[in-house]
Amino acid sequence: MSATNDLWLYYDDLSKGQLYDLMSLRQRVFVVEQNCPYLDADGDDQHAYHLLSYLDGKLIAYLRAFKGGVKYESPSIGRVVTDLDFRGAGYGKRLMRLGICRLREVEPNRKIIISAQHRLKGFYEELSFYAVGDVYLEDDIDHIEMHLDP
């Protein structure tokens, strides 16, 4: 795994190019690759911390993180995505660990909640998340709520 240039930015601090990069990556994976037409621009980006991981000038991984009270009562992470060409090399887990660390700094001693694609449950369990409740459909894809205790 090569070293990435990781940037934490709040919405208002994103450049036009960075915003384009993150929207393009999310749409390539979540809409095109997963064949799931949905409204990615959901109005929540304006309330998120954005973690962008660049390698040689290309955005290869991304997530957004929220303080408690925005998506859930607790802090949360979402839109976790790694470019197809870079999967399996550890970038996704590294990205999640950075997201967890950021939320622990911003809101210590609080659980973190995610809405995970069910097929990725094992990936998140490796990061100590655990499933809560039943599988549900979100944008016609099976999801499950998962928590990470403080």
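Read along the sequence, the protein chain runs through the pattern β-α-β-β-β-α-β-α-β-β, which amounts to 3 helices and 7 strands; helices (H or I, at least four residues) and strands (E, at least two) are DSSP runs, numbered from the N terminus. This is a predicted model, in which local features need pLDDT of at least 70 and side-chain atom pairs count only at pLDDT 80 or more, while totals for chains, interfaces and linings use all residues. Residues are numbered from 1 along each chain as its sequence is written, and side-chain values use heavy atoms, with hydrogens and water left out.

**Overall form and surface**

- Taken along the principal axes, the C-alpha atoms of the protein chain fill a box of roughly 40 × 35 × 30 Å.
- Of the 150 residues, 43% count as buried, where buried means under 20% relative accessible area, exposed over 50%, and partly exposed in between (1.4 Å probe, protein chains only).
- The protein chain exposes about 7800 Å², of which carbon and sulfur atoms supply 49%; accessible areas come from the Shrake-Rupley method with a 1.4 Å probe, and for residues only the protein chains shown count as cover.
- Among the contacts with a separation of 6 or more, 62% are accounted for by residues 24 or more positions apart, a contact being heavy atoms within 4.5 Å.

**Charges and salt bridges**

- The protein chain carries 18 positive and 24 negative side chains, and the centres of the two sets lie 3 Å apart; Lys and Arg count as positive and Asp and Glu as negative, with His and the chain ends not counted, and the place of a charge is taken as NZ of Lys, CZ of Arg, CG of Asp or CD of Glu.
- There are 17 salt bridges, each defined as a side-chain nitrogen of Lys or Arg within 4 Å of a carboxyl oxygen of Asp or Glu.
- Arg28 forms a salt bridge with Asp83, with the closest N and O atoms 3.0 Å apart. Arg28 lies in helix H1 (residues 16-33) and Asp83 in the loop between strand E4 (76-82) and helix H2 (91-106), so this pair ties together parts that are 55 residues apart in sequence.
- Lys58 also meets Asp83 in a salt bridge (3.6 Å, N to O), and this pair links distant parts of the chain, with Lys58 in strand E3 (residues 58-66) and Asp83 in the loop between E4 and H2, 25 residues apart.
- Asp83 counts as buried at 5% relative accessibility, whereas Arg28 is partly exposed at 37% and Lys58 is partly exposed at 33%.
- Within helix H2, Arg102 and Glu105 are 3 residues apart, and thus separated by about one helical turn; their salt bridge has its closest N and O atoms 3.8 Å apart. Arg102 is partly exposed at 22% relative accessibility, and Glu105 is exposed at 61%.
- Elsewhere, salt bridges that share partners join Arg26, Asp40, Asp42, Asp44, Asp45, Arg64, Lys71 and Arg79 into one network.

**Surroundings of Met23**

- Met23 is found in helix H1 and counts as buried, with a relative accessibility of 16%.
- Leaving aside its neighbours within four places in sequence, Met23 is in contact with Asp40, Ala41 and Asp45; the C-alpha atoms of Met23 and Ala41, 18 residues apart along the chain, are separated by 8.2 Å.
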